[in-house]
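Have a look at the sequence and the model, then read on.

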Amino acid sequence: MSRELSMAARREITKKFAREYAKAGKEEKGRLLDELVHATGWTRDHARRAIRAANARKGAARDQQRKPRERKYSYDALVVLQEVWRLSGQPSGKYFAAIMDDTLERLVRFRELGKVEQRVTPEVLDELRSMSAATIDRYLKPHKDAAYPVAVSGTKPSHILRSSIPTRTSMDAPLTVPGFLELDTVAHCGHSLKGEFLRTLTGTDPVAGWTMLRTIRNNAYVHVHGALEWMVKNAPVPVAGLDFDNGSEFMNWGVIAWADKKEIPVTRGRPYKHNDNAHVEQRNGDWVRKHAFRYRYETEAEMTLLNELWDFVMARKNHLLPCVKAIDWTHTAAGRKKRVYDKPRTPYQRLLDAGVLDEKTRARLEREHAKLNPARITRRINQIQQQLIELAAARTQGTRPAA
């Protein structure tokens, strides 16, 4: 019965019990509590607290004013939190909490907290390290801006070769070894697909989360082939397979012949089933759209800037910012299925844990990792973004569809 009751119904029942409870003797109070527990599904202790609170309450529960919660963290800690969050790339609380120790160590070591340096004390640093993910999100909420216009899709389904390429769906057994890449392209078309515009090829490893980005002139085979060669050359582990959607930039004889020559198996997702390529779809939004916005890019200069931007984004996201991986299913109290995720780890840490890196690659990645300065990366990303905005803003506004 209790699962069918709303909170409003539970409050109403509690209020009615409270009137009798206030006048009842000890034995009668016990009986009333038993009935309330049976009706609401609460524990006996919670029911007792609720019935006492209902007695003291005047008017409806929803009209009651809660006593303001005292702030647990100092003002200095909140100011430093905002600056550290900005310098580390504005991650969500779940990921920010996981990298707080490493990020603080790097920013202090590189002396990048100049704006808030006077507020940085051992006590403030301890406060930041003790913050939970939910607390971080709550304090940073006023500073987050998630307003992005609706994207335009440049994917055109291709029927050629479709029947000869095996499908890989979201229901298949999860991959367990790094080396497999999900591929997709993002169209930098602004608000119109007319004419020629740049595109960014995204390749992500679902197991480790390691992601590579490369901007190309268009979806012609010569450009897609060049980006694929670059990814195979720069991947930290040998590419063991490629998976893509049904767009014609991948579903063509040139790409399939190239993959056959490299002895790389290829699979495709089902048309219009974005969950089949969920990992790369997420990277398209969080890596590409978040950093390059939704402007229209067309020129060689813009392509050069975008590829420089991706170098810094890849350094920050692959080495310094963690991600989570679905590992199981569970059920909520209401009986609904719910995903279980592992603890946040950076793609770099996941590759080290997997033990798949050869000694030369491992040493190279360790050297690169030790040199990374989160604040310097953020400054350069912001500079490139400003250059891109100045180059593309007017052109993008000119491509807006008529109202």
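This is a predicted model: local features need pLDDT of at least 70, side-chain atom pairs count only at pLDDT 80 or more; totals for chains, interfaces and linings use all residues.

The buried residues of helix 8 are covered by, among others, strand 1 (180–187), strand 2 (199–204), strand 3, helix 9 (253–262) and helix 11. Contact here means heavy atoms within 4.5 Å. Buried stands for under 20% relative accessible area, exposed for over 50%, and partly exposed for in between (1.4 Å probe, protein chains only). Helices (H or I, at least four residues) and strands (E, at least two) are DSSP runs, numbered from the N terminus.

Helix 8 itself covers residues 221–234, and its 14 residues reach 20 Å from first C-alpha to last, close to the 20 Å expected at 1.5 Å a residue. That expected span is 1.5 Å times one less than the number of residues. Which residues of helix 8 are buried? They are Val224, Ala227, Leu228, Trp230 and Met231. These residues lie on the same side of helix 8 because they cover an arc of only 155 degrees around the axis, taken from the directions from the helix axis to the C-beta atoms.

Residues are numbered from 1 along each chain as its sequence is written, and side-chain values use heavy atoms, with hydrogens and water left out.

The protein averages a pLDDT (the predictor's confidence in each residue, from 0 to 100) of 87, and 89% of the residues score at least 70.

## Two nonpolar cores

A nonpolar core is a set of buried Ala, Val, Leu, Ile, Met, Phe, Trp, Tyr and Cys residues joined through side-chain atoms within 4.5 Å. The largest one has 53 residues, of which Leu183, Met212, Leu242, Leu306, Leu309 and Trp310 touch the most other members. Helix 11 (residues 300–320) gives this core its largest share, 10 residues. Apart from it lies another core of 25 residues, including Leu104, Leu128, Ile136 and Tyr139.

Leu183 is worth a click: leaving out residues up to four places away in sequence, Leu183 touches Thr202, Gly203, Leu228, Met231, Leu242, Asp243, Phe244, Asp245, Phe250 and Val280.

## Charged pairs

Count a salt bridge whenever a side-chain nitrogen of Lys or Arg is within 4 Å of a carboxyl oxygen of Asp or Glu, and you get 23 of them. One joins the side chains of Asp34 and Arg44 at 2.4 Å, N to O. This pair links distant parts of the chain, with Asp34 in helix 2 (residues 26–40) and Arg44 in helix 3 (residues 44–56), 10 residues apart. Asp34 counts as partly exposed at 44% relative accessibility, and Arg44 counts as partly exposed at 35%.

Arg111 and Glu117 also meet in a salt bridge, at 3.5 Å, N to O. Here Arg111 counts as exposed, at 65% relative accessibility, whereas Glu117 is partly exposed at 42%. In helix 13 (residues 359–371), Arg362 and Glu366 sit 4 residues apart, about one turn of the helix, and their closest N and O atoms are 3.4 Å apart in a salt bridge. Finally, Glu28, Arg31 and Glu35 are linked in a network of salt bridges.
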